[in-house]
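Biologist: I am new to this structure. Please show me how to read it, one feature at a time.

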Amino acid sequence: MGGTLTFLGLESSCDDTAAAVVRHAPDKSPQILSSVVSGQTDLHAAFGGVVPEIAARAHAERLDLCVEQALDQAGVRLDDLDGIAVTSGPGLIGGVLSGVMTAKGLAAGAGLPLIGVNHLAGHALTPRLTDGLPFPYLMLLVSGGHCQFLLVDGVEGFHRLGGTIDDAPGEAFDKTAKLLGLPQPGGPSVEVEARLGDPRRFAFPRPLLDRPGCDLSFSGLKTALLRARDALIAEKGGITLQDRRDLCAGFQAAVAEVLAEKTRRALASYLERKPAEAALAVAGGVAANGAIRSALEHVCAAARVRFLAPPLRLCTDNAAMIAWAGIERTRGGHPQASDLVARPRWPLDQSAPALIGSGKKGAKA
Ligand code: KG4
Ligand code: ZN
C-alpha cells in the first residue's frame, strides 16, 4: 500500500494497558499522534510480581478508555483510520485476549482491517519508527520479561542469535532489590545503590561466558548474591549500607560484563552479513541502566557499529510500536490474518530452538 496510513495500536500482553495512533506518509518520518500507557505497577506491588488475573481484569476495564484517549489526543475518529493493529501474543493470555477482543469489536464495527502483531516484533521494529533504521540490524531486547539477540532483516525476518535460558535481566534486578530490601522496580533502585559501591568486593560469577554462543543466564547470579548476603548476615548479624552498595555494584557489573561479551559475539555473527550501515539497537527497561548502556556503547564503538537506544517511553511496553508494526506489515504486503487468535507463546524466530526459561511476566518466546 503506497498512500498515507494511520493506524490505531493496542497493547495488553503484560502489565501495561496501551493504545496509540501512528501516521506514516511514504518517504516521510512516521508521526506518533498519541501514545497512552496505563501502568499497573500499583495493582501488583503487594504480590512481588504480576498476577495474571488482576492484570487481565485491569486490561478489560481500561482498554476502552485508553482507546478513547488515544483517538482524542490524536484528533482522529475511527473513520480516519486505515487499520487496527493489536498485540496477539506472546504474553499473559488473559490480557492478550482482552486486547484481541477489543480490537476485533472495533475493527468489525468500523469496517477496518485488523492485524495481529507479535509483541516482540513491535519492540524489534521500534528503531525504524524512531530513527528509520535500515535492515539488517541487530536488536538486543532486555527487560523484565525478555532477553534475546535478534538479527532483524525484514518486517518478517527475525533470527534469534541467543537469549536467556532462565531469568530475564530485569527480573534478576527486581529479585536482587527484593533480597536487599530495596523498592520495586528493582533496576533503578539497584543502579542508585551501585553508584556508591565497590564492584570488585564480591566475586560474582559471569554465567555462560565459558560456553560459546550468545545464550545468557541470570538465575545463578541471583543465587550468588543471596549466598553473599547470607554469609554477611551469619558473620555480623546483618548487612551495612556499604555492604548493600557493594553487593549491588558487584551484581550490576556482572550483568553488564556478561551482556557486553555476548553482544560482542552477536555483533560478530551479524557483521558477517556485511550490513551497509551496521547498527545495534536496544529495547526494554534494562536499557535504561547507565552502566549497561555504557558497556554496550563501548562494545559498539570498538566494532565501529552504530549504537541506538530509542527514548525510554518507546523502549518499554507501549502501543505506538504495535501500530507501527501494523503499518510496516501492511506496507510489506503481509496484511490481515483472517484467523487472528491470542497466543500465549509465539517465538519470533520459528526456526530457533526453544529456550528453557519463561520470565516472571509470563511465558514469552
Ligand atoms: O521493558 P519494561 O518496562 O517492562 C517489561 O519487562 O516488559 O522493563 C521493566 C524492567 C524491570 O525489571 C526493571 O527493574 C528494569 O526493567 N529496569 C532496569 C532499570 N530501569 C528499569 N534495570 C536496570 N537498571 C535500570 N535503570
Ligand atoms: Zn515488552
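Modeller: Start with Asp-317: one of its polar side-chain atoms lies 3.3 Å from an oxygen atom of ligand 1. That is a polar contact, a pair of N or O atoms within 3.5 Å; within protein, one must be able to donate a hydrogen and the other to accept it, and residues adjacent in sequence count only if both atoms are side-chain atoms. Gly-187 has a backbone N or O atom 2.9 Å from an oxygen atom of ligand 1. Gly-285 has a backbone N or O atom 2.9 Å from an oxygen atom of ligand 1. Taken alone, ligand 1 exposes 550 Å², and the protein buries 89% of that. Accessible areas come from the Shrake-Rupley method with a 1.4 Å probe; for residues, only the protein chains shown count as cover.

Biologist: What should I know about the model and its numbering?

Modeller: This is a predicted model: local features need pLDDT of at least 70, side-chain atom pairs count only at pLDDT 80 or more, and totals for chains, interfaces and linings use all residues. Residues are numbered from 1 along each chain as its sequence is written, chains are lettered from A and ligands numbered from 1 in the order in which they are written, and side-chain values use heavy atoms, with hydrogens and water left out.

Biologist: How many residues surround ligand 1?

Modeller: A residue is near a molecule if one of its heavy atoms lies within 4 Å of it. Here 19 residues surround ligand 1. The closest are Gly-144, Asp-174, Gly-187, Glu-191 and Gly-285. By type, the shell holds five nonpolar, 10 polar and four charged residues. Ala, Val, Leu, Ile, Met, Phe, Trp, Tyr, Cys and Pro count as nonpolar, Asp, Glu, Lys and Arg as charged, and the others, Gly among them, as polar.

Biologist: Which helices supply at least two residues of that shell?

Modeller: Helices (H or I, at least four residues) and strands (E, at least two) are DSSP runs, numbered from the N terminus. Helix H5 (169–179) and helix H6 (186–194) each supply at least two shell residues. H6 gives the largest share, four residues.

Biologist: How do I read the faces of a helix?

Modeller: An α-helix has 3.6 residues a turn, so residues three or four places apart point the same way. Take helix H9, residues 290–302. Its 13 residues reach 18 Å from first C-alpha to last, close to the 18 Å expected at 1.5 Å a residue. The expected span is 1.5 Å times one less than the number of residues. Ile-292, Ala-295, Leu-296, Val-299 and Cys-300 are buried in H9. Seen down the axis, the buried residues of H9 fall within an arc of 135°, so they line one face of the helix. The arc is that of the directions from the helix axis to the C-beta atoms. The face turned away from the buried side carries exposed His-298, Ala-301 and Ala-302. Buried means under 20% relative accessible area, exposed over 50%, partly exposed in between (1.4 Å probe, protein chains only).

Biologist: Where is Asn-289 found? Is Asn-289 buried or exposed?

Modeller: Asn-289 sits in the loop between strand E9 (279–283) and H9. Asn-289 counts as buried, at 5% relative accessibility. A polar atom of its side chain lies 3.0 Å from the backbone nitrogen of Ala-291. The side chain of Asn-289 also reaches the backbone nitrogen of Ile-292 at 2.9 Å.

Biologist: Now the backbone angles. What is usual?

Modeller: Most residues other than glycine have a negative phi, and most peptide bonds are trans. Now look at two cis bonds. The Gly-89 to Pro-90 bond is cis, with omega near -15°. Pro-90 is in the loop between strand E4 (83–89) and helix H3 (93–110). Gln-184 and Pro-185 are also joined by a cis peptide bond, with omega about -5°. Pro-185 belongs to the loop between H5 and H6.

Biologist: Which phi does Leu-208 have, and which does Lys-274 have?

Modeller: Leu-208 has phi near 65°, positive in a residue other than glycine. Leu-208 lies in the loop between H6 and helix H7 (219–236). Leu-208 is buried, with a relative accessible area of 11%. Lys-274 is not a glycine, yet has a positive phi of about 50°. Its place is the loop between helix H8 (241–271) and E9. Lys-274 is exposed, with a relative accessible area of 69%.
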